[in-house]
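Please keep the sequence and the structure in view while reading.

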Amino acid sequence: MMKPVAPKQYPKPPEGSWTEHYPELGTAPVSYESSISPEFYELEREAIFKRAWLNVGRVEQLRRKGSFFSKELAVAKTSLIVVRGMDDQIRAFHNVCRHRGNRLVWTDDPRLESKGSCRQFACKYHGWKYDLDGKLSSILQEGEFFGIDKANYGLVQVHCEVWQGFIFINLAKEPEQSLREFLGPMITAIDYPFHNVTERFYYRGDIRSNWKVFLDAFQEFYHPPILHGRQNPVMSNEAYQRMGFYTMHFQIDGPHRVGCTSGGAGGLLPPEALNPIEGLFRSGLFGPWDHADLGIEGFPPGLNPGHKKHWGLDSFQIFPNFAIVFWETGWYLTYHYWPLAHNRLLFEATLYFVPARNVRERLAHELAATTIKEYALQDCGTLEATQMGLESRVVTSFPLGDQELMCRHLNKVVNDWVDDYRRKHTEA
Amino acid sequence: MALLPPEFSTLEPFAEEWCLASEPERYAKRLASSMDEMQAFYDALFPRAQEVIAYLEKFPLHELPEDAQRLLHLLYSLIMVSFPVEIWRQPYLPDTGTSSFELGEEPVP
């Protein structure tokens, strides 16, 4: 069998390829039936999204006692309230009044997420009131009810744990693992000063593609020189397009994975390789060129897990639908892929910078955010086209290269979780 | 009445339309503009951008006087039109169909 061949600056593991380094992945072409089947989506909802830990936000979104936000989880047909209590504990509840089922927290449109700060939650319908820890505190005309004990009518709580300031929830009655067990050693090795990197740009899009089809484009670096080929002189450089782009290091840990690439901040490129605006503001697709002060001594533990010399970024993919990308110049972004249907998702991208100290830094952030938005939008259009191609079922088996190891891994983990759920479900 | 500091009076003709405080306003303005309009704005501002930044750097970021804040918004608009002017030669990104990807939160200023 022919082995994948990469330029010598991107050495492969001794097995000859990254994919074969993880033999459980196999090298055969894969099926994307799991991305076009409504029945499979119904299984995923139970097997994955109601069993895995899901990130719903960060602690900086709940700055004070009483701060809350609601989070739509269409995949579980529910909405959550995430709140910082008077005891500073962060808790999550289903956003449903115990009286007659009204959505408890919403503003103007019950379909939209809302946020704010309060001392207690009051239902808009009949005024039942709940403390921030979920306890039912008052019923209007309580004497009209029949032997009701308020202690039995608190909000329905959801398991909620925090790792490095990221708030995770788990919809299972009893999660099979704690959050830290679920995240595993590769992810929990990360110790990053997230609390110092809090200037936030948030984008969202409703896209007609399966969540995995979409996610796959954000976990391989094979497509950028082609799909984004006309966005700047580096991408459209002929030699670069001929050679392609290589991931330097892959690593898999349980259901999670990471891909690491070399640097790319434009400061190292000759002016003819830049869009004029990039030279002006010293920023671009890879973020600001000038290093931000993360406020810590040394390099953040857990990053650059392959210990590569010309490290530029880590793309950590946390199962099932959350990614954190760390950039060498001192900023990070997150992606969330929330399924809305078997062929539709809500895509969220959030960029985090060390708060700008002056106009120059702020402008560098603005250009990075604007650029990333355009690249992501380009992916959005193409992935709707991919979904359409897959749904034709004209082709049912697809070859994945060694650079697409992370796509292969997600495909396998999703199938494994669904199989495991089916097995337990039929046994029961 | 002038919207910008007197040093930048040559940019005054663009101030009313392009001093926009939020990204959604700037994005909508871009999609509604012709290439000639964006090119004229870009050509007027780009050569003076370093000068504008140097002027703005005299103030703390969170204490910009109103006219200086408008200048900053003008630079954000320069960023907004840069892809159409420098690369695409059209206001919208090629090959995106009806997809949309919208900003929900941004830093101020």
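## Contacts and fold of chain B

In chain B, 73% of the contacts between residues at least 6 apart in sequence join residues at least 24 apart. Two residues are in contact if their C-beta atoms, placed from the backbone, lie within 7 Å. This is a predicted model: local features need pLDDT of at least 70, side-chain atom pairs count only at pLDDT 80 or more, and totals for chains, interfaces and linings use all residues. Residues are numbered from 1 along each chain as its sequence is written, while chains are lettered from A and ligands numbered from 1 in the order in which they are written.

Chain B holds 5 helices and 1 strand. Starting at the N terminus, the order is α-α-α-α-α-β. Helices (H or I, at least four residues) and strands (E, at least two) are DSSP runs, numbered from the N terminus. Of the 109 residues, 30% are buried. A residue is buried if 20 or more other C-beta atoms lie within 10 Å of its own, exposed if 12 or fewer, and partly exposed in between; these C-beta atoms are placed from the backbone.

The C-alpha trace of chain B spans about 45 × 30 × 25 Å along its principal axes.

## Helix packing in chain B

How do α4(B) and α5(B) cross? Their axes come within 10 Å, at an angle of roughly 140°. Axes are lines fitted to C-alpha atoms, for helices over the stretch in contact, and angles run from 0 to 180 degrees between N-to-C directions. The crossing of α4(B) and α5(B) is left-handed. That term applies if the near helix is turned anticlockwise from the far one by less than a right angle; clockwise gives right-handed.

From α4(B), the contact uses Ala49(B), Val52(B) and Leu56(B). They meet Ala68(B), Leu71(B), Leu72(B), Leu75(B) and Leu78(B) of α5(B). The residues of this contact are 8 nonpolar, no polar and no charged. Ala, Val, Leu, Ile, Met, Phe, Trp, Tyr, Cys and Pro count as nonpolar, Asp, Glu, Lys and Arg as charged, and the others, Gly among them, as polar.

## The interface between the chains

The contact between the chains takes 27 residues from chain B and 33 residues from chain A. On chain B, α4 (49-56), α5 (66-88) and β1 (102-105) each supply at least two residues to the side that touches chain A. The most come from α5(B), with 9 residues. By class, this side of chain B has 15 nonpolar, 6 polar and 6 charged residues.

β11 (residues 199-207) of chain A runs antiparallel to β1(B), over 3 bridges. Two strands pair if DSSP finds at least two bridges between them. Glu105(B) in β1(B) is the bridge partner of Tyr202(A).

## Chain A overall

Chain A has 9 helices and 17 strands. Buried residues make up 41% of its 428 residues. Of the contacts with a separation of 6 or more, 64% join residues 24 or more positions apart.

Along the principal axes, the C-alpha atoms of chain A fill a box of roughly 80 × 60 × 35 Å. Asp419(A) sits in helix α9 (residues 405-427). Asp419(A) counts as exposed because it has 12 C-beta neighbours inside 10 Å.

## Backbone exceptions

Most residues other than glycine have a negative phi, and most peptide bonds are trans. Which bonds are cis here? One joins Phe319(A) and Pro320(A), with omega about 0°. Pro320(A) lies in the loop between β14 (311-318) and β15 (322-327) of chain A. Another cis bond joins Val108(B) and Pro109(B), again with omega about 0°. Pro109(B) is in the segment after β1 of chain B.

Gln164(A) has a positive phi, near 50°. Gln164(A) is in the loop between β9 (157-163) and β10 (166-170) of chain A. With 17 other C-beta atoms within 10 Å, Gln164(A) is partly exposed. Arg282(A) also has a positive phi near 50°. Arg282(A) lies between α7 (276-281) and β14 of chain A, in a loop. Arg282(A) is partly exposed because it has 17 C-beta neighbours inside 10 Å.
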